[in-house]
Amino acid sequence: MAAGGRASGRPAKKKGPSKGTGGQGRRSLEGKGATPPAEMRHWYKDKARGERLAREERGGARRTAPARQRRSEDAPEYIGGRNPVLEALQAGVPSNALYVAQRVDNDDRVRDSIRIAAERGIALLEVTRDKLDRLTEGAVHQGIALQIPAYDYAHPSDLVELAHEAAEIPLIVALDSVTDPRNLGAIARSATAFGAHGLLIPSRRSAGVTGGAWKTSAGTLATMRVARAANLTAALREYREAGLFVIGLDGAGDADLEDVELLSEPLVVVVGSEGKGLSRLVREQCDVVTRIPMQAAAESLNAGVAAGVALYEVARHRRR
């Protein structure tokens, strides 16, 4: 027997389509548009104010870290580390003050540094290690740092005058886009060892005589003059007009260094950066662009190493 209604004894009704609304519910199907940004919502200001008050109760509102200011060219530099400080003092590097950390572990280097500073009338200041960290910008200082004044750069023509006063054949090292101060310091050390009369650097896009350069030079920057030119290309042109030859070092040079016949002449050796080498305008001012022969496994040399090799070869030719 077929099932009927709920015990009513009447047959079940067949369901048909539901009755429509005639379009009256169409508006409820429409969207409300894009979600408004937070700042346009009615509760945003109250929520932001509540979060700010909560931060202040926890210890103050968050502060934006100040942007690091660019160091002025007239600002002093700092040499950190026991060996570099002692070497700089022994070499007579111009110095304003010697900073020593409180309760520093004294050794011979610290004692000798304090003694030399006292003999030269350099101010001796005892400071916290935190202040030494700030002065040396986080570099390793081993509890001691030396403040040196901003470097007094020479004029490019002064370097030629130094050679003439010494009655020697001029030898100048120019740096093209060498931006690492440690390379500048290493080149100064090699230039001193092999009898160069000075270094020439451009005033832009180049490392200057900073604390890092002093540290790497092991005090040789106290005797090696550094000149700075507003335009390196123009300075090289003036050197050529004064009778000096310009030799550029580049891995894609035209001849091996040992085969160049100009090494005994008045000379400017131009060292480019390790990555880019010589710039186009500087290359155009070179009488010859030379390379250092080496094994194929080594693609290039560090600028400081390349300068040392080239200056040794120049010195070897001049001893003949």
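A salt bridge here is a side-chain nitrogen of Lys or Arg within 4 Å of a carboxyl oxygen of Asp or Glu. The model is predicted, so local features need pLDDT of at least 70 and side-chain atom pairs count only at pLDDT 80 or more, while totals for chains, interfaces and linings use all residues. Residues are numbered from 1 along each chain as its sequence is written, and side-chain values use heavy atoms, with hydrogens and water left out.

**View 1. Arginine 111 meets aspartate 108 in helix H4 (108–119).**
The closest N and O atoms of this salt bridge are 2.7 Å apart. Both residues sit in helix H4, 3 residues apart, which is about one turn of the helix. Helices (H or I, at least four residues) and strands (E, at least two) are DSSP runs, numbered from the N terminus. Arginine 111 counts as partly exposed, at 44% relative accessibility. For these labels, buried means under 20% relative accessible area, exposed over 50%, and partly exposed in between (1.4 Å probe, protein chains only).

**View 2. Aspartate 107 and arginine 82 make another of the 11 salt bridges in the structure.**
Here the closest N and O atoms are 3.1 Å apart. Aspartate 107 lies in the loop between strand E2 (97–101) and helix H4, and arginine 82 belongs to helix H3 (residues 82–90), so the pair ties together parts that are 25 residues apart in sequence. Are these two residues buried or exposed? Both aspartate 107 and arginine 82 are buried.

Arginine 280 counts as exposed at 57% relative accessibility, while glutamate 284, at 48%, counts as partly exposed. Elsewhere, salt bridges that share partners link Arg82, Asp107 and Arg109 into one network.

**View 3. Strand E5 (residues 171–176) is largely enclosed by the rest of the structure.**
That description holds because 6 of the 6 residues of E5 are buried. In a regular strand the side chains alternate between the two faces of the sheet. In E5, Leu171, Val173 and Leu175 point one way, and Ile172, Ala174 and Asp176 point the other way.

**View 4. Strand E5 pairs with strand E10 (residues 267–272) and with strand E6 (residues 198–202).**
Two strands pair if DSSP finds at least two bridges between them. E5 and E10 are parallel and share 6 bridges; alanine 174 has valine 270 as its bridge partner in E10. On the E6 side, 3 bridges join the strands, again in parallel, and valine 173 stands opposite leucine 199. The chain gets from E5 to E6 through helix H7 (residues 181–193), and this β-α-β crossover is right-handed. The term means that, with the strands pointing away from the viewer, the path from the first strand over the helix to the second runs clockwise.

**View 5. Serine 177 and arginine 205 have positive phi values.**
Most residues other than glycine have a negative phi. Serine 177, which is not a glycine, has a phi of about 65°. Look for serine 177 in the loop between E5 and H7, where this residue is partly exposed with a relative accessible area of 29%. Arginine 205 has a phi near 55° and lies in the loop between E6 and helix H8 (211–217). Arginine 205 is exposed, with a relative accessible area of 63%.

**View 6. Tyr151, Tyr153 and Trp214 gather in one aromatic cluster.**
The whole structure holds 4 aromatic pairs. In one of them, the ring centres of tyrosine 151 and tyrosine 153 are 4.9 Å apart and the planes meet at 70°, so the pair is edge-to-face. Rings of Phe, Tyr and Trp (its six-membered ring) pair if their centres lie within 6.5 Å; planes under 30 degrees apart count as stacked, over 60 as edge-to-face and the rest as tilted. Tyrosine 151 counts as buried, at 16% relative accessibility.

**View 7. Helix H11 (residues 303–318) has buried residues covered by several other elements.**
Among the buried residues are Ala303, Leu311, Glu313 and His317. Their cover includes E5, H7, strand E8 (245–249) and E10, with contact meaning heavy atoms within 4.5 Å.
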